[in-house]
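Look at the chain below and pick out its strands.

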Amino acid sequence: MKRNIFLGAIAIAAAVAGYFIPAVIVLLVAAIINLIQRRWGTDVNEAPKPSEMTVDELTAQYGEPEDVILLNAARANEALGVILAYKAFLVVEGRRIDKSDITGVTFNNSGTPYAPGEYQVIIATSSQGYLHVNAGYDAAWTKDVAEEIKKNL
């Protein structure tokens, strides 16, 4: 979708600048891309991504967790809002991570001098690399979440 907006903006700029033929070509390319995306895009009946699942769907898949670590109260019923802790593994953003695979847990601020960013809990794993999980804009909350994850390891 962003690509179509970008191509449309280029076509309008080209038309304004007097390049009518390139503008028409860009608009045709955008229309063809849009048609292809609609025709062969995502299927409505396709299974949801793990991060789009609800906590109820995750518990139906993995069973009742021993502990639920809340990341974001506004997303408490979504996979992105909680970490489910089981005896041998964690479910982070809908993905199963064995506790033996986790090598460290910390947190950081993802903000820059130009834009505020959420604090993130960083889970280091030996097989999947680093997982950056958003936990909101409160440093103390994020620190507590990281400590809670460490307790469940």
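Glycine 129 lies in strand β7; helices (H or I, at least four residues) and strands (E, at least two) are DSSP runs, numbered from the N terminus. This is a predicted model, in which local features need pLDDT of at least 70, side-chain atom pairs count only at pLDDT 80 or more, and totals for chains, interfaces and linings use all residues. Residues are numbered from 1 along each chain as its sequence is written, and side-chain values use heavy atoms, with hydrogens and water left out.

Is glycine 129 buried, exposed or partly exposed? Glycine 129 counts as partly exposed because its relative accessibility is 28%; buried means under 20% relative accessible area, exposed over 50%, and partly exposed in between (1.4 Å probe, protein chains only). Leaving aside residues up to four places away in sequence, glycine 129 touches Ile123 and Ala124, where contact means heavy atoms within 4.5 Å. Isoleucine 102 is 27 residues from glycine 129 in sequence, and their C-alpha atoms are 9.4 Å apart.

Strand β7 (residues 129–134) pairs with strand β6 (residues 119–125) in the antiparallel sense over six bridges; two strands pair if DSSP finds at least two bridges between them. Three residues separate β6 and β7, which form a hairpin. Tyrosine 130 in β7 is the bridge partner of alanine 124.

The chain as a whole has four helices and seven strands, in the order α-α-α-β-β-β-β-β-β-β-α along the sequence. Of its 153 residues, 33% count as buried. Among contacts between residues at least 6 apart in sequence, 38% join residues at least 24 apart.
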